[in-house]
Amino acid sequence: MTGLRTDLYELRMAASYLRRDMVEAATFSLFVRRLPPRRGFLVAAGLAEALAFLETFSFDDDELGYLRDVVGLDQPTVAALAGLRFTGDVRAVPEGRVVFADEPLVEVTAPIAEAQLVETGVLNLITFHTTVASKAARCRLAAGDAELVDFAFRRTHGLEAGAGVARASAIAGFAATSDVEAARRYGLRPSGTMAHSYVEAFPDERAAFRAFAADFPANPIFLVDTYDTPAGVRAAVDVITELGVTGPLGVRLDSGDLADLAEQTRAILDGAGLTQAKIVASGSLDEDLIAALVAQGAPIDAYGVGTRMGVSFDAPSLDSAYKLVAFGDRPVLKLSPGKATLPGPKQVFRDPTGASGDVVGLRDEPPPAGREPLLVPVMRGGVRVEAADPAGEVQAARRRFDADLAWLPEAARRLADPTPLTATVSPGLTELRDRVTAQVGRAGAY
């Protein structure tokens with residue numbers, strides 16, 4: 001059950017709506033007010049988890065008892081919550097699409113109590129996954145043709161966060177994850193080598209490498225920097241030669257001057273005829289360090305990226321919001337300084353050529369010439385439009401991201417000082433905003 005996975009004020013507002021028989025449909029719009037520093041774009045993610053949350057939203061007997069006995073909700077309200085399920089519609093930007101500030105990622109339309117109660121969960125899931133996918137996308141831009149592997153699990157903010165990071169990074173182009181359960185759940189490739197403790201548990205590096213290669217001959221990756229990196233590489237070469245290891249293999253560098261050590265390592269491997277052996281680098285990497293290594297021409301074939309990607313170290317949150325834009329037939333808005341909103345259900349229209357920024361318009365208005373709508377129906381009447389497919393959803397999102405990354409203008413792709421595309425407001429939405437603003441002003445005058 002997920003009913004208590006909400007903030008208390010959501011429950012209090014929902015209780016008030018229910019007591020007053022306020023059951024009309026409300027539309028809430030989820031968007032990001034502004035991009036974090038050094039972000040030229042965001043990658044939409046977390047929708048599948050949000051839909052799963054909506055499908056299972058309900059209150060069990062224990063939760064209802066807590067709301068009655070501890071929170072203090074009256075019995076009629078508790079009885080109303082007992083039968084409450086999410087029965088609304090959801091339109092959203094598909095996962096993997098590139099998005100910008102002030103553009104709806106998700107719009108929820110449901111009886112107002114339902115739409116209010118699910119705010120916290122939906123906002124949490126979309127915000128977290130989009131934050132991480134956007135950071136992972138920057139790592140992909142930095143890495144060029146090198147492979148990326150998610151190493152973040154041990155330092156993510158919770159076990160489920162680890163699975164979320166694996167999924168979000170896969171959408172952004174990571175090839176594998178160290179998180180075994182996430183790999184199983186989402187159809188990803190599990191990846192792992194060895195730790196320094198494994199090497200230290202044996203009398204010397206050769207003994208450790210010999211045991212590892214004997215136990216896992218299909219694709220051994222030897223961690224070579226426990227003591228002295230060049231000596232560790234030579235020990236790995238000796239074991240590979242001694243055991244006649246063939247097929248995919250490699251070494252991992254986890255510390256020190258990675259560019260210089262990669263050059264030394266490549267020379268040792270090539271000198272031994274192991275030109276096919278891969279070099280994997282790890283150790284507090286992010287897009288800036290990866291870009292620097294690529295710029296130096298470091299012969300690194302793959303990067304294991306952990307903490308800094310998994311917690312989006314430089315920008316760990318988004319200025320995201322979930323705001324009421326219509327109640328019944330009445331469009332509504334906020335006029336708070338710095339937090340004003342636009343009224344009415346919306347659509348985002350994109351120029352496929354990338355020559356101009358997106359247009360945010362009314363949901364039902366015709367698309368401007370040559371533009372495509374981004375938001376699509378993903379849930380009707382509380383049921384997904386398409387059945388859940390965890391592995392297939394990730395792969396489809398990855399394909400959408402690949403296409404949007406190719407579409408994205410170079411200025412927005414830059415790691416340093418990017419220039420995001422700026423969304424404009426359609427004439428129809430502008431007219432509605434001005435009209436509702438005037439109505440609010442007249443009401444306020446009384």
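Three bridges join strand S3, residues 89-92, to strand S17, residues 376-380, and the two run antiparallel. A strand here is a DSSP run of E with at least two residues, a helix is a run of H or I with at least four, and both are numbered from the N terminus. Two strands pair if DSSP finds at least two bridges between them.

A word on the source. This is a predicted model, where local features need pLDDT of at least 70, side-chain atom pairs count only at pLDDT 80 or more, and totals for chains, interfaces and linings use all residues. Residues are numbered from 1 along each chain as its sequence is written, and side-chain values use heavy atoms, with hydrogens and water left out.

Stay with S17. Two bridges link S17 to strand S18, residues 383-384, again antiparallel. Arg 380 has Val 383 of S18 as its bridge partner. S17 and S18 form a hairpin, with two residues between them. Gly 381 sits in that turn and has a positive phi of about 60 degrees.

Now go the other way from S3. S3 pairs with strand S5, residues 106-111, over four bridges in the antiparallel sense. Ala 92 finds its bridge partner in Val 106 of S5.

Next, aromatic rings. Rings of Phe, Tyr and Trp (its six-membered ring) pair if their centres lie within 6.5 Å; planes under 30 degrees apart count as stacked, over 60 as edge-to-face, and the rest as tilted. The whole structure holds eight aromatic pairs. One of them is Phe 28 with Tyr 322: the centres are 4.8 Å apart and the planes are at 20 degrees, so this pair is stacked. Phe 28 lies in strand S1, residues 25-32, and Tyr 322 in strand S12, residues 320-327, so the pair ties together parts that are 294 residues apart in sequence.

On to the other sheet. Six strands form an open sheet, S7-S6-S11-S10-S9-S8, and here the pairing is parallel. S7, 176-177, and S8, 221-223, are the edge strands, each with a single partner strand, so one side of each is left without a neighbour in the sheet. Inside the order, S6, residues 147-150, and S11, residues 302-305, pair over four bridges. Val 149 stands opposite Gly 304 in S11.

Last, helices. Axes are lines fitted to C-alpha atoms, for helices over the stretch in contact, and angles run from 0 to 180 degrees between N-to-C directions. Contact means heavy atoms within 4.5 Å. Helix H7, residues 159-171, and H15 have axes that come within 8 Å and cross at roughly 40 degrees. That makes H7 oblique to H15; under 35 degrees counts as roughly parallel, over 145 as roughly antiparallel, 65 to 115 as roughly perpendicular and the rest as oblique. Arg 167, Ala 170 and Ile 171 of H7 meet Glu 393, Val 394, Ala 397, Arg 398 and Phe 401 of H15.

Helix H6, residues 119-143, also packs with H15, residues 390-407, at an angle of about 60 degrees, with the axes 13 Å apart. H6 and H15 are therefore oblique too.
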